[in-house]
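Please look over the sequence and the coordinates before reading on. The briefing takes up the contact between the chains and then the fold within each chain.

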Protein chains: 2
Amino acid sequence: MNPTHQPPSREAIEQFIEAGGLRLTPQRYAVMAFLMEEPVHATAEEIFEAVNRVDPRSSRATIYNSLHALVKAGRVREVAVEGRAARFDAKLDPHHHFICDQCGNVEDIPWYHLPQPEPHMLGSRRLRESELILRGLCTRCTESTY
Amino acid sequence: MNPTHQPPSREAIEQFIEAGGLRLTPQRYAVMAFLMEEPVHATAEEIFEAVNRVDPRSSRATIYNSLHALVKAGRVREVAVEGRAARFDAKLDPHHHFICDQCGNVEDIPWYHLPQPEPHMLGSRRLRESELILRGLCTRCTESTY
DNA sequence: GTATTTGCAAATCATTTGCATAAAC
DNA sequence: GTTTATGCAAATGATTTGCAAATAC
């Protein structure tokens, strides 16, 4: 995605996890490293396979545990996709998401400023974050549609 | 939600379905009528129960079929919520969605204009729609959190 | 009359759970 | 040493499927 993408160092990854107040485990490290190195918005299943291809010691339950812990700590973003598995994303720079109607893939769209809702629209809700979801056909699916 | 909410007429509901190029069946009618009368962003299961409470002749599979047909025809909007059942929404006026981190409920936020992405951000993707998702705690969950 | 839609019950997919063991701090 | 995380395998929840019978147009 980013042509000058530098893989983060071991220390950077470890700090990224610990800064969220999380214990550092090999499984969490593997998940976080994968998400930082492969900005592809993988599913939990894809992460499970990728991580265990390198070093098979993470169970599926632990992948889910790690992902949830990282999401809760604000280190990872989760994107729900209708009728499909959720996608996960290292929370590095702010950006928007494009979801393909056809293949379900999630892609990054460079961030651009969004207006904030007027306070009266929120009532006494507590706003944590807002995100823009774009939908349509990704490049691949556009090109294979006649 | 809307204090001057008028329940739509039978004819209006039928037209709303047929205008999408769909055959009119009692089951689709029941689903659409429920969504138009109860703007609560129900799950498929809730729709199944509500619809069958009135007249028990819709199977779960048919509820899903109807919902998907209506979504595809642009009559209904589907909102995916991480780790929970999807919510459905009659597609009447444009609006944004607020999803509660705690209870998962989806609520409408009055529409306000969003900037469109620059064409170069989309590449050769084909954009169909964009929506803003707001997240945080709904009024109820804000008030019950100490 | 033909094309679609429905109901049923079983199957599938994604995710979570419970609990004993292991590892982090 | 105490607290938290892991692995396993089974359970749950949401949604989809296959196919014969029923219905819309």
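The model is a predicted one, and every value here is computed from its atoms. Chain A contains six helices and six strands, and between chain B and chain A an area of about 3200 Å² is buried. Over all chains, the structure holds 22 salt bridges, and the count between chain B and chain A is eight.

**Extent and make-up of the interface**

- On the side of chain B, 36 residues are in contact with 36 residues of chain A.
- Of the area of about 3200 Å² that is buried between chain B and chain A, carbon and sulfur atoms give 58%; B:R125, B:R126 and B:R135 supply 20% of the area that chain B buries against chain A, which is more than any other three residues supply.
- Across this interface 14 residue pairs are in polar contact, with both residues of each pair at pLDDT 80 or more.
- The elements of chain B that give two or more residues to the side touching chain A are β5 (106–110), α5 (119–122), β6 (126–137) and α6 (139–143), and β6(B) provides the largest share with twelve residues.
- Sorted by residue class, the side of chain B that touches chain A divides into 17 nonpolar, seven polar and twelve charged residues.

**Strand pairing between the chains**

- Strand β6 of chain A, residues 126–137, is joined to β6(B) by eleven bridges, and the two strands run antiparallel.
- Within this pairing, A:G136 stands opposite B:L127 of β6(B).

**Fold of chain A**

- Three strands of chain A form an open sheet with antiparallel pairing in the order β1-β3-β2, and the edge strands, β1 (42–43) and β2 (76–79), each pair on one side only.
- β1(A) pairs with strand β3 of chain A, residues 87–90, in the antiparallel sense over two bridges, and in this arrangement A:A42 stands opposite A:F88 of β3(A).
- Helix α2 of chain A, residues 26–37, lies across β1, β2 and β3 of chain A and runs at about 80 degrees to β3(A).
- Helix α4 of chain A, residues 60–72, also packs on the sheet, where it touches β2 and β3 of chain A, and its direction makes about 110 degrees with that of β2(A).

- Chain B has an open sheet of three strands in the order β1-β3-β2, and the pairing is antiparallel.
- In that sheet β1 (42–43) and β2 (76–79) of chain B stand at the edges with a single partner strand each, so one side of each strand is left without a neighbour in the sheet.
- β2(B) is joined to strand β3 of chain B, residues 87–90, by four bridges, and the two strands run antiparallel; B:E78 has B:F88 as its bridge partner in β3(B).
- Helix α4 of chain B, residues 60–72, lies across β2 and β3 of chain B and runs at about 110 degrees to β2(B).

Conventions
Residues are numbered from 1 along each chain as its sequence is written. Chains are lettered from A and ligands numbered from 1 in the order in which they are written. This is a predicted model: local features need pLDDT of at least 70, side-chain atom pairs count only at pLDDT 80 or more; totals for chains, interfaces and linings use all residues. Side-chain values use heavy atoms; hydrogens and water are left out. Contact means heavy atoms within 4.5 Å. Buried area is the accessible area (1.4 Å probe) that two parts lose on being put together, summed over both. A salt bridge is a side-chain nitrogen of Lys or Arg within 4 Å of a carboxyl oxygen of Asp or Glu. A polar contact is a pair of N or O atoms within 3.5 Å; within protein, one must be able to donate a hydrogen and the other to accept it, and residues adjacent in sequence count only if both atoms are side-chain atoms. Ala, Val, Leu, Ile, Met, Phe, Trp, Tyr, Cys and Pro count as nonpolar, Asp, Glu, Lys and Arg as charged, and the others, Gly among them, as polar. Two strands pair if DSSP finds at least two bridges between them. Axes are lines fitted to C-alpha atoms, for helices over the stretch in contact, and angles run from 0 to 180 degrees between N-to-C directions.
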